Amino acid sequence: MNKALKKGWLALGVLVAAALLLAGVYYAFMPRGAAGDKTITVAVVLADGARNGHTIQTDAENLRGALEEAGLVEGEEGPYGLYVTTVDGVTADWEADGSWWCLTKGGEMLETGVDDTPIADGDAFELTYTVG
C-alpha cells in the first residue's frame, strides 16, 4: 500500500472518530423534557387573529406527545418529524396558499419542531396560522 493511500485511510478514520465523538456529545447534552406530570398552555392564533387557549396536563417529555395526547394537532411525517398541518381543526396548506403553522414560545420562533421541543411544567407555546 502506498503512502498516499495510507494517509487517506488514516484521515478517514480520524473523521469517523470525530463524527462519533460529536454525536455522543450531542446525545449526552441534547435538551430533554422534564419527566413526570406537568401542565402547559398552548395558544392557537387563527388567521383572523382569534385566539383559542388550551391547557394540557401531560407526562410527555416533548411537545408533540402533549399535543397529540390532547388531540390538538395532525400532520405528516417528514424527515424532521411531524410536519404540523392541522391545529385545533384548522388546516394550513402551503402548496395551495402558502399557509403554515408557526411554533413559538414566549413570542420567539423556535428552531425545533414539535418532536424535538422539550417541555417543562408551566411552559407556554403558541401555534400561529401564518401565510407566506
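**Exercise 1.** In what order do the five strands of the open sheet lie, and which sense of pairing is found?

*Solution.* The structure is a predicted model. Step 1: the order of the five strands in the open sheet is β2-β1-β8-β6-β7. Step 2: the pairing in this sheet is mixed. Step 3: β2 (51-58) and β7 (108-109) are the edge strands, since each of them pairs on one side only.

**Exercise 2.** Determine how β1 and β2 pair, and identify the bridge partner of V42 in β2.

*Solution.* Step 1: recall that strands of a sheet pair through backbone hydrogen bonds, in either a parallel or an antiparallel manner. Step 2: strand β1 (residues 38-45) pairs with β2 in the antiparallel sense, over eight bridges. Step 3: the bridge partner of V42 in β2 is H54.

**Exercise 3.** Describe the hairpin formed by β3 and β4.

*Solution.* Step 1: strand β3 comprises residues 73-78 and strand β4 residues 81-87. Step 2: the two strands run antiparallel and are joined by six bridges. Step 3: two residues lie between β3 and β4 in this hairpin. Step 4: across the pair, E77 stands opposite L82 in β4.

**Exercise 4.** Locate D88, state its phi, and decide whether D88 is buried, partly exposed or exposed.

*Solution.* Step 1: D88 is found in the loop between β4 and β5 (90-91). Step 2: D88 has a positive phi of about 55°, although D88 is not a glycine. Step 3: the relative accessibility of D88 is 27%. Step 4: buried requires under 20% and exposed over 50%, so at 27% D88 counts as partly exposed.

Methods: Residues are numbered from 1 along each chain as its sequence is written. This is a predicted model: local features need pLDDT of at least 70, side-chain atom pairs count only at pLDDT 80 or more; totals for chains, interfaces and linings use all residues. Side-chain values use heavy atoms; hydrogens and water are left out. Two strands pair if DSSP finds at least two bridges between them. Helices (H or I, at least four residues) and strands (E, at least two) are DSSP runs, numbered from the N terminus. Buried means under 20% relative accessible area, exposed over 50%, partly exposed in between (1.4 Å probe, protein chains only).
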